[in-house]
Amino acid sequence: DWKYRHAGLMALSAIGEGCHQQMEGILNEIVNFVLLFLQDPHPRVRYAACNAIGQMATDFAPGFQKKFHEKASRALLQTMEDQGSQRVQAHAAAALINFTEDCPKSLLIPYLDNLVKHLHSIMVIKLQELIQKGTKLVLEQVVTSIASVADTVEEKFVPYYDLFMPSLKHIVENAVQKELRLLRGKTIECISLIGLAVGKEKFMQDASDVMQLLLKTQTDFSDLEDDDPQISYMISAWARMCKILGKEFQQYLPVVMGPLMKTASIKPEVALLDTQDMENMSDDDGWEFVSIGDQQSFGIKTAGLEEKATACQMLVCYAKELKEGFVEYTEQVVKLMVPLLKFYFHDDILLTNSSSMPLLLECARVRGPEYLTQMWHFMCDALIKAIGTEPESDVLSEIMHSFAKCIEVMGDGCLNNEHFEELGGILKEKLEEHFKNQELRQVKRQDEDYDEQVEESLQDEDDSDVYILTKVSDILHSIFSSYREKVLPWFERLLPLIVNLICPHRPWPDRQWGLCIFDDIVEHCSPASFKYAEYFLRPMLESVCDSSPEVRQAAAYGVGVMAQFGGDSYRPFCPEALPLLVRVIQSPDAKAKENVNATENCISAIGKIMKFKPDCINVEEVLPHWLSWLPLHEDKEEAVHTFNYLCDLLESNNPVVLGPNNSNLPRILGIIADGEIHEAIKHEDPCTKRLANVVRQVQTSGGLWTECISQLNADQQAAIQELLNSA
């Protein structure tokens, strides 16, 4: 009976996420078994098999793609040609989307030609069917499959661009009937994703046509119904077009901004009603109600709110991409956005608006400091008030993050005494609330109704509380880095609460973020920071070997900045920290995924002690060990520090590093090559040039160079070549 086969396959789809570990070991058998059902005589079973493959491609990515790329892509393409059932074809295309979205580019490239040609022939057939019979289900999915492939393989899609673009443009021009709106929206998305994949140079031949099509839809924007699926695709497409065209998008702003500001300025209808009136206004009219007690309800008409949110997102995208090119519009956008920080009817609007503030300041910078300061004054009070009053923690965290970014843009002097006073009170309140909520959760855990479900919701509450704590840390970071030691007297009202965070009995996230705040004080406010050493130095050193990798990382980073920025007062603590850092690095699972960042911070901290406090330890004894731990490649920031120090040592011909008769050079070139392979350092970083010069220096030495290169594997040799080409 086909129903059993269907049920079994659907069950397999459903359990992947929850039974991840149990299924991973036998995934090979499961996949081979499921693929057989793509040939099943019953279309619903074939549909369920597509469903299982698509779901497993998501649940077990990218391992699934690495193991089964050939089998899965071939089977799904064959199934997409299954003329027996439109639904099966469409679902095979949907599974292919899941597969390609999480597929590493390098795996897809060998099959790209076959994959693209299949997709093209299916698209041509389905376009004919659309014209002759009006069927569109498969075509909608195929268009998204094409977009997904282009998005994954990026510039490798260039050779196929001309194969698809004429047909896709044809769909956008002609699919204007109401029932084809989703197809048209998905095609607009596909065109913009292909444009982003192939890059500006290739896309420019069609950019003008595509822009005209989008502009035509944009001017008909007001005619689109509120639930028109094209709207969200359009918005994203505009944002992508802006990314592709960069500064050249500026010329379209006068056309785009009018309707956009109009949509972003939609004012929802609101009403205060008693219960009787509310019952008369049914939900069908698009009203939503919140009871405010005493037989009264607050109602809001939701029509237009989604469009308002999307329009606000577009404004943010333009500010981000065009920077000073958007300066003409910053003032009107700021005047629109700032009052919306109190727009409690729609979280997305609040989230978008708060994230726009630092971007708008960046845009306004070209008008000079006076204009920038005026704009900041208009925002600042509203942001601080919003931090004090916003009830939703998701929105609150975004507002706090945005405020911190604004302070980084504006720098020293951007907050006056009243701002500091109000902000200090709010942050104190947030920290006190954090501790109180933790106590309340502990009480609930003693309750007789306590069970797994309660624990799950307590865990969620805890996560969102910790997230707010990370944002308190962000704000303090931006203030310390802008104001330095001048701000310490203000900080002292928060000091007891931050000290409380790093007490040994507190949960690890508290200790992690408490240490991060003290790290910032050491980094930005030294040597004055030493007056708080009695509160944090012991806990910091003890935390280097903590059981939580996050706490170890924060502590190790602290030791590094102590050596780099702390000044002489911290000198005695560097030799004390050294054996603790070494213990972490040498532990058997130091390089495990969850531990690697903490370990790399320990390696970097030892490098900083040797570089900035060399008289504290025996550098010659430590150096060979330190070299054996390189390169770092997970923590990019610390990787730059270690490579810069390595360059210092090599440029000064340090005998310990070079070894007798330069015998260490092959190993050093290996370290540099591995750093390049893992993209540990961006090519634009000055450190890349220094590393390339080191390699060139070895290149001039004839026989030594040949010996070094012969000891590198093919990947390492290619990486060295890549480094030399880039710098």
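**Close-up views**

**Asn662, at 30% relative accessibility, counts as partly exposed.** The model shown here and in the other views is predicted. Asn662 is located in the loop that runs between H32 and helix H33, the latter covering residues 665-677. The phi angle of Asn662 is positive, at about 55°, although the residue is not a glycine. Most residues other than glycine have a negative phi.

**Asn653 has a positive phi and lies in the loop between H31 and helix H32.** The phi value is near 50°, and Asn653 is a residue other than glycine. Helix H32, at one end of this loop, spans 655-658. Asn653 is exposed because its relative accessible area of 54% is over the 50% limit. For Asn662, by contrast, the value of 30% falls between the limits of 20% and 50%, and that residue is therefore described as partly exposed.

**A cis peptide bond joins Ser526 to Pro527.** The omega angle of this bond is near 0°. Pro527 belongs to the loop that connects helix H25 (508-525) with helix H26 (533-543). In the domain assignment, domain 2 covers 526-629. Most peptide bonds are trans.

**Leu630 and Pro631 are also joined by a cis peptide bond.** Here omega is about 0°. Pro631 sits in the loop between H30 and helix H31, and helix H31 extends over 636-651. Domain 3 is assigned to residues 632-726.

**Pro624, in helix H30, is viewed together with Asn664.** Helix H30 comprises residues 619-628. Along the sequence, Pro624 and Asn664 are 40 residues apart, while their C-alpha atoms are 10.0 Å apart in space. Pro624 has a relative accessible area of 42% and is partly exposed.

**Lys611 is carried by helix H29.** This helix consists of residues 596-612. Lys611 counts as partly exposed, its relative accessibility being 34%. A separation of 48 Å lies between the C-alpha atoms of Lys611 and Ser236, two residues that are 375 residues apart along the chain.

**Four lysines, Lys243, Lys247, Lys320 and Lys323, gather in a patch of positive charge on the surface.** Lys323 is placed in the loop between helix H16 (305-322) and helix H17 (327-337). With a relative accessible area of 43%, Lys323 is partly exposed.

**A negative surface patch includes Glu448 among its members.** Glu448 is found in the loop between helix H21 (417-445) and helix H22 (452-483). Its relative accessible area is 76%, and Glu448 is exposed.

**The domain assignment divides residues of the chain among domain 1, domain 2 and domain 3.** Domain 1 is given as 327-492, domain 2 as 526-629 and domain 3 as 632-726. Between the C-alpha centres of domain 1 and domain 2 the distance is 31 Å.

Methods. Residues numbered from 1 in each chain as written. Predicted model: local features only at pLDDT ≥ 70, side-chain atom pairs only at ≥ 80, totals over all residues. Heavy atoms only, no water. Domains from an automatic or database assignment. Patch = residues over 30% accessible without salt bridge, like charges linked within 9 Å, V, L, I, M, F, W, Y side chains within 5 Å. Areas by Shrake-Rupley, 256 points an atom, 1.4 Å probe, with all protein chains shown as cover. Salt bridge = Lys/Arg side-chain N within 4 Å of Asp/Glu carboxyl O. Lys, Arg positive; Asp, Glu negative; His and termini not counted. Charge placed at Lys NZ, Arg CZ, Asp CG, Glu CD. Helix = DSSP H or I, 4+ residues; strand = E, 2+ residues; numbered from the N terminus. Buried < 20%, exposed > 50% of the residue type's maximum accessible area, 1.4 Å probe, protein only.
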